[in-house]
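Reader: I am new to this structure and would like to know what stands behind the words used to describe it. Could we set each value against its definition?

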Amino acid sequence: MTGRLRLWIFVAGAAGLAAFVLWGLAGLPGFGRYPGPYGDIINRVAVAQTNATGVVSAVNFEYRGFDTLGEEFILFAAAAGIATVLRRLRGEHVITTRREALDRVAPPASDTVRAAALAATGPVIVLGWFLATHAQTSPSGGFQGGVLLTTAFVLIFLAGQVLLFRRASPADLTDVAGAIGAGGFAAVGVAAVIMGLPYLSNFLPLGGMPGAVTSSGTIALVSFLVGLEVAATFLLIVTELTDQALLVREGGR
Amino acid sequence: MDPLLPVPTVLPLLTAAVLAALGPVLRSRRRVLDAAAIAVAAVVTAVLVVIMVRTAGGDQVYWFAGFRPAHGAAIGIDFAAGPLPAGLAALAALLVTAAMIFSWRYFDETGTYYHVLMLTFLAGMTGFCLTGDIFDLFIWFELMSVSAYALTAYRPEERGPVQGALNFAISNSVGAYLSLSGIAIVYGRTGALNMAQIGQALAGHRPDGLVVVAFVLIIAGLLVKSAVVPFHFWLADAHTVAPTPACVLFSGVMVELGLYGIARVYWSMFGQSLGHQATVTRTFLTLGLLTAVVGAMFCFRERHLKRLLAFSTVSHAGLFLTGIALLTPLGLAGAAVYVAGHGLIKAALFLCVGIVLHRLGSVNETWLHGRGRLLRVTGAVFTLAALGLADMPPFATFRGKGWIEASAAAHGMPWITAVFVICSVLVGGAVLRVAGGVFYGLGDPPSEEPQMAAEASEETGKTDHARRRTPATMIVPAAVLAVAGIAIGSLPHIGPAVQAAAVRFQDQPAYNATVLSGAHVAHPAALFAPEPAAITVTDLASGLGSAAGALILAFLALYWRRLPLLRRGFEPGAGLEQPIRRFQSGVVNDYVTWIVIGAACLGGTLALSIR
Amino acid sequence: MGFLPFLVVAWVLVVGLYGIVTSRHLVHQIVCLIVVQSSTYVLLLAVGYRTGAVAPYFSDVPVHTPAVDPVVQALSLTDVVVEAAVTALLLAFAVQAHKRFGTLDPHELVQIKG
Amino acid sequence: MSGLVAVSTPYTVPAGLMDVLQAVLLVLVAAGATAVVLTRSPLRQVIVLSAYGLVLALLFLAFQAPDVTLSELAVGSVLLPALLLLTLGRIRRREK
């Protein structure tokens, strides 16, 4: 199809689709009038059942924990796919000496940026850790924590310490950590089965006070594992792309 | 709760994670990886067969983390297994097993990623079949998709795989997001994600705009996956470039999973509300038959073996959709058996093509002409499977097609038989032409077409040509699958058993009661008529007729240059090249345009006709 | 207010699709796919919203306080992860495509032209 | 990031003001999406996308979804732009 023809066909189709979708949306109860019952039931029972005051985490890691398991494996499969696609090909080699790397560092970071980025790294790691282990209480959880941990490494990268970054995330380590995170989640579910409960049941004691760090049984554990998986996986992705962007040199070029 | 239900999904996930975690150790130990993947896939197949048998008397429901529904409202996620979902998942697991055995000698490189991706693919497929929750369905759909994109691009050293994977991924992602919008819309009305609960909430109300829109958007993503025209363009691109074991799964079961998803969504969520109106049948029958005819025509003109088989899958997807669209138990039962038979046979055909590629280093029909003569066993298996694809008795495809035709005839549409026979003749003829030309050197090689030669040569050079023998790990799975295609159709009592399963699949109130209140609903045997279980004379005539027609067409295609009636230089379908290129352009922008048009037209049709 | 969120959802969806269809750069196309998906977050959160209700956290408020739907928020979180995963994979494809074809224009990435 | 504690406490924004806030943010989201799509230069688009992620995150905060806000900030405004920059960096190097 030529560009113009495609555009006109698309405009006709998209107008129809938009009208159609709006027709359906008009059948909703209206904005601000969530009818329930799913969310209302959860809001009512979640704190008593799970001891978690952050109900979204309770949904993610308890009621719909099986979704989250699948989601973690989507990430895991994507990481495997990225590693497959970007694996170093024949005729390419990775630069390992600082001299070679120096003239390839992409972001022309000023010293201020480098210093700021380096200074931010520590707090970001701490914050990521906090988020990953406090799913049951505040708006946080393994995913956000994991992404923040990755961000810490991106900050190192911004600081221009590419080789340090490479050293901080050897491919094998990230691979293994990601697999342990995702597999650990699946295995926590199996542990429940061994104790005679349905798969993914919360088999740990719920602890005392709702909202305490050690409360809500497996939620904290699963959240931590998710954080591990997310951090490792995104780190792997960033590493692979960094390798592509900066370090891999093609033979004969 | 049957403790076996989570096993088919969780076991492959756990194994994938363990293999990846042990990656640094296992990387150079290919055989350990292979053995683990084969063992897991085989165990999953066996577990699913057990589940299928156990659920023959009534559906099994498994609530994850033990959150059972209270007062008709689900707060957790369930697996709801019946014989049809479990059977389809078993087919998926069986094909993964066969593909992994085939891979034993297929790849030279080492590494854990291939095995990991095949296992996550398997988990996505089984989860998709068994789940009873619409958002969970989306999750497993995405896991299946992401694994499939990655497998398509498995050989990134070449140009094709990356492009095929991109077209695949972008088309399917657009479809998936349309589905997700549909899920959000129906959630906004019902406040539920459990399919049975949504079905119950929607039932008893007239289908308004929201119901129609949610239905169309949710199935839009599934139509992309099941390669229904005009949502199908990505399929040929992906099949052309994906490694053969992945093609086995794409064609043999992934496309069919999309269709299963449509049936599941219809029969557990929207069916009661839409009221099984004749317009639903008409709309999807049109889509199905259009797909069948377009796929068959594209199939016959192909010279690239993998694309040829890919288009035959498009054609068959249309025939399956036709069976589902009849909204009758017999039509659905026919589609189920047809899917099983087709999956086994198509897998066998792809494995044979894989062997050809492994031994001869090409998938170009013209170049291969007569060169396959030394692959005697492969040729025999390929020919046998090709006859199965032409719906010859006693293949399962013949049984399934017969039921769909019988059901259509009973509803005043006997002409559907003619369309089925035409498509079987075209598709079977194309594959038999390949069999006769490549493996027996009959007739003349088809003319070399520069563009197609270029496409086919993408595959060449992957293997060294010194491979003198076909490894047993490659030919045995192909032969077993082809024979299984016959065996399934000849099972005693398969007719009543599958039709009883179809009756139950379509009994929405019973499904709702089973899931939401744990009721056990028995189905009186009288519900399904015993007549179609027997093979009628009409069935035999249509089956033998299409097989004979396919053979004749194949011979005509091989020998047409020697026929006195035609003038020299005549190329059948030569004038069609340009328009076809325009549609199958390889540009993903076009594909997405067609998805938008398809969704808008489907929505418009249903919006105007449903009362 | 009323219907505005849903108008925005439909607009974002269609604009994203427009971007995909007219794109001449693969990375641009992938970003447009992100836009298409962002319409689903807005839709999910909009259908679960309740006017005047609090966020579903009960550390400082009693359990019976009217709160918005936590389920759609959990679904959106899942959705964000899926988006990140799919986008990253697509970007990896784009890098490879550029390496193999030397271009990122979808019109020139046609393998058939070999 | 001291806002973390504030985020977990309920808002006391008056209903009318909330409506206005949401309406403004929704219009900004629509405009942002359009801007992202119409920015044809990939490098500039990354910056626009990052801003779009920020607006989305604010909208989610107004929708009482602090969890999703955090995720969207982390993914939409930081992680995805970073991945895009890396990709573009790779591509630009080859085009030289």
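Author: A residue counts as buried if 20 or more other C-beta atoms, placed from the backbone, lie within 10 Å of its own, as exposed if there are 12 or fewer, and as partly exposed in between. Helices (H or I, at least four residues) and strands (E, at least two) are DSSP runs, numbered from the N terminus. The model is a predicted one, in which local features need pLDDT of at least 70 and side-chain atom pairs count only at pLDDT 80 or more, while totals for chains, interfaces and linings use all residues. Residues are numbered from 1 along each chain as its sequence is written, and chains are lettered from A and ligands numbered from 1 in the order in which they are written.

Reader: What makes helix 4 of chain A largely enclosed by the rest of the structure?

Author: In helix 4 of chain A, 22 of the 22 residues are buried, so the helix is largely enclosed by the rest of the structure.

Reader: How do you know whether the span of helix 4 of chain A agrees with its number of residues?

Author: The expected span of a helix is 1.5 Å times one less than its number of residues. For the 22 residues of helix 4 of chain A this should come to 32 Å, and the end C-alpha atoms are 31 Å apart, which agrees.

Reader: Which part of chain A gives the most to the side that touches chain B?

Author: Two residues are in contact if their C-beta atoms, placed from the backbone, lie within 7 Å. The contact takes 60 residues from chain A and 64 residues from chain B. On the chain A side, helix 1, helix 2, helix 3, helix 4 and helix 9 (171-194) each supply at least two residues, and helix 4 of chain A gives the most, with 15 residues. By class, that side has 39 nonpolar, 14 polar and seven charged residues, where Ala, Val, Leu, Ile, Met, Phe, Trp, Tyr, Cys and Pro count as nonpolar, Asp, Glu, Lys and Arg as charged, and the others, Gly among them, as polar.

Reader: And which helix supplies the largest share of the side of chain A that touches chain C?

Author: Here 42 residues of chain A are in contact with 41 residues of chain C. Several helices of chain A each supply at least two residues of this side, among them helix 1 (3-25) and helix 10 (218-247), but the largest share, 10 residues, comes from helix 4 of chain A. The residues of this side divide into 26 nonpolar, 12 polar and four charged.

Reader: Why is chain B called as compact as a globular protein of its length?

Author: Chain B has 25 helices and two strands. Its radius of gyration is 23 Å, close to the 25 Å that the globule rule gives for 611 residues, so chain B is as compact as a globular protein of that length; the radius is taken over C-alpha atoms, and the rule is 2.2 Å times the number of residues to the power 0.38. Of the 611 residues of chain B, 68% count as buried.

Reader: What does the globule rule give for chain C?

Author: A compact globule of 114 residues would have a radius of gyration near 13 Å, but chain C has 19 Å. Along its principal axes the C-alpha trace of chain C spans about 65 × 30 × 15 Å, and its secondary structure comes to three helices and zero strands. Even so, 71% of the 114 residues of chain C count as buried.

Reader: Which residues have the most contacts inside the largest nonpolar core?

Author: A nonpolar core is a set of buried Ala, Val, Leu, Ile, Met, Phe, Trp, Tyr and Cys residues joined through C-beta atoms within 7 Å. The largest has 418 residues, and A348(B), L89(C) and F93(C) have the most contacts inside it. Helix 14 (residues 329-360) of chain B gives the most to this core, with 22 residues. Not counting residues up to four places away in sequence, L89(C) touches A78(A), G81(A), I82(A), V146(B), Y149(B) and A150(B).
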